[in-house]
Amino acid sequence: MAKLAGKKKKYVTLMFVPHDEHQVYSLRISSITLLFLGFICLIAIGASSFIMTRHVNYELTRRANIQLTEKNAYFVQELARTHEAFQRVAKIEDELRAMLKMKNKNELLQFTGEGGPSPVDQVNLMKNLNNRATLTPNEFASSLTFLRKDAQEKIESYQELKKYIATQRSLLASTPADWPVRGWITSRFGMRNSPFFEGTTFHQGLDIANEEGTSIKAPADGVITYTGWEGGYGKLIVVDHGYGFSTRYGHCQRILVNIGQRVRRGQVIGFIGSTGRSTAPHLHYEIRTNGVPVDPLKYLKK
Ligand SMILES: [Zn+2]
């Protein structure tokens, strides 16, 4: 290739020399034409690289999209699994409540004043999770809100169960169900002919006879609220068990506890005697609920 320079117009001659021929082909073009051709080439290269880049971008976007769809489907599956787990928890909770003969969940929610997920939320969530491979951001948000509410409801419900069980346990420990002494019942609760006066009187407790000095044991956990001489009771012990329960032990020979002392079920608190209005050694045992004497035989284990 050679360059030829004219005075006014510049020309370029392109020469083609085939190896197996003796003839040389030459093409004479003006430098303006050459510039134009070069410009066309540049545009062609630019356009094709633009198209290629677009294609590569498209391909990348397409792959990213596939990945996002897969992730979306995975999260939908996880949501469905979480919801299933919650449903299993709800089933166990219902069984527990049935065992404890407790109020059901809705009653509990009314009790705590907290609103759980509505049945409409539940239906929507199930529809979303069962029939769809992917969810929109809004559907994701509402599903998660539902699960969060559901979890909150479960937490409150289990806290309520825990409180209930603790109360029941404490109530059981405080219920005077054990016999305070071994012995023979010599007088029951209710109307009876007075051993001291003419006519009938109301006997507020249960008389259990045994030898003087026989141990009196607390029939349940409680706190000593009175010890000392009390008219016809003679030497008296009063135990407050909580939940409205109190018990009284009359005619004691000796008292081993003091006011304010905590006692455990089975703990020896005194001994059988015949102090006060008594004809022979026995324990006058009273159970009171909210201060009213009740028949001890209704509480004592057979
Ligand atoms: Zn009595």
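**Helix packing and nonpolar cores**

Helices H1 and H4 cross with left-handed geometry. The model is a predicted one.

**Helix pair H1 and H4**

- H1 spans residues 31–99 and H4 spans residues 137–174; their axes come within 11 Å and cross at roughly 25 degrees.
- Because angles under 35 degrees count as roughly parallel, H1 is roughly parallel to H4.
- On the H1 side, the contact is made by Leu79, Thr82, His83, Phe86, Val89, Glu93 and Leu96.
- H4 contributes Ser143, Leu147, Asp150, Lys154, Ser157 and Leu161 to the contact.
- Sorted by class, the H1–H4 contact holds six nonpolar, four polar and three charged residues.

**Nonpolar cores**

- The largest nonpolar core has 20 residues, and those touching the most other members are Ile216, Leu236, Ile237, Val239, Tyr249, Cys252 and Leu283.
- Two or more residues of this core come from each of the strands S7 (206–209), S10 (235–242), S11 (245–255), S13 (268–272) and S14 (282–289).
- With four residues, S10 gives the most to this core.
- Leucine 283 touches Pro180, Val181, Ile208, Ile216, Tyr249, His251 and Ile272, when residues up to four places away in sequence are not counted.

Conventions: Residues are numbered from 1 along each chain as its sequence is written. This is a predicted model: local features need pLDDT of at least 70, side-chain atom pairs count only at pLDDT 80 or more; totals for chains, interfaces and linings use all residues. Axes are lines fitted to C-alpha atoms, for helices over the stretch in contact, and angles run from 0 to 180 degrees between N-to-C directions. Angles under 35 degrees count as roughly parallel, over 145 as roughly antiparallel, 65 to 115 as roughly perpendicular and the rest as oblique. A crossing is left-handed if the near helix is turned anticlockwise from the far one by less than a right angle, and right-handed if clockwise. Two residues are in contact if their C-beta atoms, placed from the backbone, lie within 7 Å. Ala, Val, Leu, Ile, Met, Phe, Trp, Tyr, Cys and Pro count as nonpolar, Asp, Glu, Lys and Arg as charged, and the others, Gly among them, as polar. A nonpolar core is a set of buried Ala, Val, Leu, Ile, Met, Phe, Trp, Tyr and Cys residues joined through C-beta atoms within 7 Å. A residue is buried if 20 or more other C-beta atoms lie within 10 Å of its own, exposed if 12 or fewer, and partly exposed in between; C-beta atoms are placed from the backbone.
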